[in-house]
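Q: Hi! Could you walk me through the inside of this protein? I'd like to chat about its cavities and its core.

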Amino acid sequence: MTNTPHGQWSSRWIFILAATGSAVGLGNIWKFPYTAGENGGGAFILMYLICVAAIGIPVMMAEIMLGRRGRQSPINAMHTLALEAQRHPIWKIIGWSGVVAGCLILSFYSVIAGWAIAYIPKMALGTFSGAGAEQANAVFNGLIGDPWILLVWHSLFMMMVITVIAKGLEKGLERAVSILMPTLFILLIALVLYAAFSSGAFMQGVQFMFATDFHALFYPGCTPEQTACEFSGQGVLSAMGLAFFSLSIGMGAIMMYGAYLPKNISITSSAITIAVADTLVALLAGLAIFPIVFANHLDPAAGPGLVFITLPIAFGHMGGGTVFGTLFFLLLVFAAWTSAFSLLEPVVAWLVESWRMTRTKAAIGCGIFIWLLGLLSVFSFNILSDFKPLSFLSSTPFADQTFFDLFDYLTSNIMLPIGGLLIAIFAAWVMQHAARREEMGAEPPDMSYNTWLFLIRYITPIGVALIFLNAIGLFS
Ligand code: PHE
C-alpha cells in the first residue's frame with residue numbers, strides 16, 4: 001500500500017513541520033519550565049536530555065517506522081503488523097492505550113490552551129504594563145478561580161481542534177504550521193535575549209538550569225544541611241515522562257503521522273531533526289523564564305502557573321511588550337493547536353477506517369466526549385480543587401492529586417512510558433528482521449541502523465524499566 005485513505009504528506013519538510021508542530025507545544029513552554037523548577041533544575045534537565053537521546057529518539061524512530069509500514073490509525077496499523085509478524089493481534093493494545101491516553105491528555109491540554117487564549121486579550125489591553133509579581137499572581141489566580149471563564153476558553157479551543165480535524169490533512173494546516181513554527185522560534189529567541197540583557201538575573205537562571213545538583217532531584221524539598229531526608233525516584237520518572245510527553249511519543253500520535261509519510265524519506269534524520277528542535281524550544285523556554293523568576297523573587301517550584309505569571313511580568317516592563325506579549329500568547333495557542341491535532345487524529349482516523357464514519361462526525365463526536373472529560377480539569381482549579389479522587393491511596397503520589405494532576409501524572413509518567421516500552425519491544429523483538437530493515441531502508445552494514453537497533457533492543461527497555469523500579473522505591 002503506498003497511500004492511506006486519509007492522504008499523505010506532500011513533502012519531507014511538511015512532515016517534519018507537522019511532527020515538530022505536534023512535539024512543540026505546551027509541553028515545552030508551559031510544562032518543561034515548571035516541572036524542572038519543581039524538581040530542582042539542572043540535574044532534572046540533565047536526566048531529561050539523557051531520556052530524549054537514549055529513549056526518546058529510538059522510540060520516535062520505531063513509531064514512525066511502524067506507522068509507515070501499517071499505513072493506518074495506530075489501532076489498525078498494529079493489528080496489521082502483528083498479523084504480518086504472525087503474532088497475536090493483541091498487540092493492537094498499543095493503539096488502544098494510545099487512544100485512551102490521547103483523550104485524557106487532550107482533555108486537560110485544552111484547558112491549559114484555554115488559559116493561553118485568555119491571556120491574548122489581557123496582554124493586548126495592557127493588563128500587565130508595569131505589573132509586579134503580586135499583580136501578575138492576582139490576575140492568574142483570578143482566571144483559574146473562575147470556572148465559567150475557563151469553560152468558555154476550553155470550549156473555544158476544542159472547537160478550533162475539531163474544525164481542523166474535520167477537514168482532514170488539508171493544505172490549510174500544512175501552510176499554517178510552516179508559518180507559525182518558525183515565528184514561534186524567533187519570538188522565543190527574542191525573549192531569551194530580553195531575559196539575558198534586562199532581567200539582571202540571567203546567570204542565576206542559567207545556573208539553576210545547568211548546575212547538576214542531584215541532591216535536589218533525589219531529595220525533593222530538602223536542603224543539604226538536613227539529615228533526615230527522604231529519597232524519591234519520582235523526579236527521574238517525571239523527567240522521563242516529560243521527555244515522552246514533549247516528544248509526543250508512546251501514544252501513537254507520531255505513529256499516525258508516520259502513516260502519512262511517503263516511502264522514500266529517511267526516518268533517522270527526520271526523527272533527529274524533530275527531537276533536536278523540540279529540545280531546543282524547551283531549553284529556550286527555560287532560559288527565557290528562569291532569569292525572570294529569580295529577578296522577581298518568584299518561586300521556581302510554583303507549579304502550572306509559572307509561565308503565566310513570569311512572562312507577563314517581563315512583557316509588562318518591555319518596550320513594545322504589549323505587542324510582543326499578545327503575539328507570544330497567540331503563538332503559544334497555535335503551538336498547542338498543532339499538538340492537539342495529533343492527539344485527536346488517531347482516534348478519528350480509526351473511526352473513519354473501522355466504523356465507516358465520516359471525518360466530520362467522528363471529529364465532532366470525539367471532540368464532545370473529550371470536552372466533557374475536560375470539565376473535570378476545569379473544576380480542578382476551583383470548585384473541585386480540594387477534591388482528591390484517589391485520596392485513599394495514601395503514601396502514593398496519587399493521594400494528593402486533583403483530577404487535573406491525576407490525568408497529567410497518569411498519562412505522562414505511566415501510560416506514555418509503558419506505550420513506548422511496548423512499541424520498543426514490538427519493533428525490536430517481535431517484528432521480523434526483513435520487514436524492519438526494509439522499512440528503515442537499511443542496507444547492511446548500516447551504522448545508524450545498527451545503533452538504533454542496539455538502543456531500542458536493550459537501552460530503551462532497560463532504561464524505562466529501571467526508572468519505573470526506582471520510582472516505586474526499589475533502589476532506595
Ligand atoms: N508534545 C506535545 C507538547 O509538548 C503534547 C503531546 C503529547 C502531543 C502527546 C501529542 C501526543 O505539548
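Predicted model: local features only at pLDDT ≥ 70, side-chain atom pairs only at ≥ 80, totals over all residues.

Q: Great. How many cavities of 30 Å³ or more does the structure hold?
A: There are two of them.

Q: What volume does the largest cavity have?
A: About 140 Å³. It is lined by 17 residues, and those closest to its centre are Ser22, Tyr109, Phe245, Ser248 and Leu343.

Q: Which elements give two or more residues to that lining?
A: They are α1 (12-23), α2 (26-38), α5 (93-124), α11 (234-247) and α15 (321-354). The largest share comes from α15, with three residues.

Q: And how do the residues of that lining divide into nonpolar, polar and charged?
A: Nine are nonpolar and eight are polar, with no charged residues.

Q: OK, what about the second largest cavity, what volume does that have?
A: About 30 Å³.

Q: Which residues line the second largest cavity?
A: The lining is made of Gly98, Val99, Gly102, Cys103, Met251, Leu343, Pro346 and Val347. Helices α5 and α15 each supply at least two residues, and α5 gives the most, with four.

Q: How does that lining split by class?
A: Six residues are nonpolar, two are polar and none is charged.

Q: Changing topic: where is Arg68 found?
A: Arg68 sits in helix α3, which covers residues 42-70.

Q: Is Arg68 buried or exposed?
A: Arg68 has a relative accessible area of 2%, so it counts as buried, the cut-off being under 20%.

Q: What lies 3.0 Å from a polar atom of the Arg68 side chain?
A: That's the backbone oxygen of Lys263.

Q: And which residues is Arg68 in contact with, leaving aside neighbours within four places in sequence?
A: The list is Gly258, Ala259, Leu261, Pro262, Lys263, Asn264, Ile265, Ile267 and Glu439.

Q: Nice. Now the largest nonpolar core: which residues touch the most other members?
A: Trp115, Phe329 and Phe426 do, in a core of 187 residues.

Q: Which element gives the largest share of this core?
A: Helix α5 does, with 19 residues.

Q: One last thing: what is Phe329 in contact with, again leaving aside neighbours within four places in sequence?
A: Phe329 makes contact with Ala116, Tyr119, Ile120, Met123, Phe308, Pro312 and Phe315.

Definitions and conventions
Residues numbered from 1 in each chain as written. Heavy atoms only, no water. 1 Å grid on protein atoms, 1.4 Å probe; cavity = no way out; pocket = protein on both sides within 12 Å on 5 of 7 lines; lining within 4 Å. Points joined across faces, edges and corners; volume = space filled by probe spheres on them. Nonpolar A, V, L, I, M, F, W, Y, C, P; charged D, E, K, R; others polar. Buried < 20%, exposed > 50% of the residue type's maximum accessible area, 1.4 Å probe, protein only. Polar contact = N/O pair within 3.5 Å; in protein donor to acceptor, adjacent residues only side chain to side chain. Contact = heavy atoms within 4.5 Å. Core = buried A, V, L, I, M, F, W, Y, C linked by side-chain atoms within 4.5 Å.
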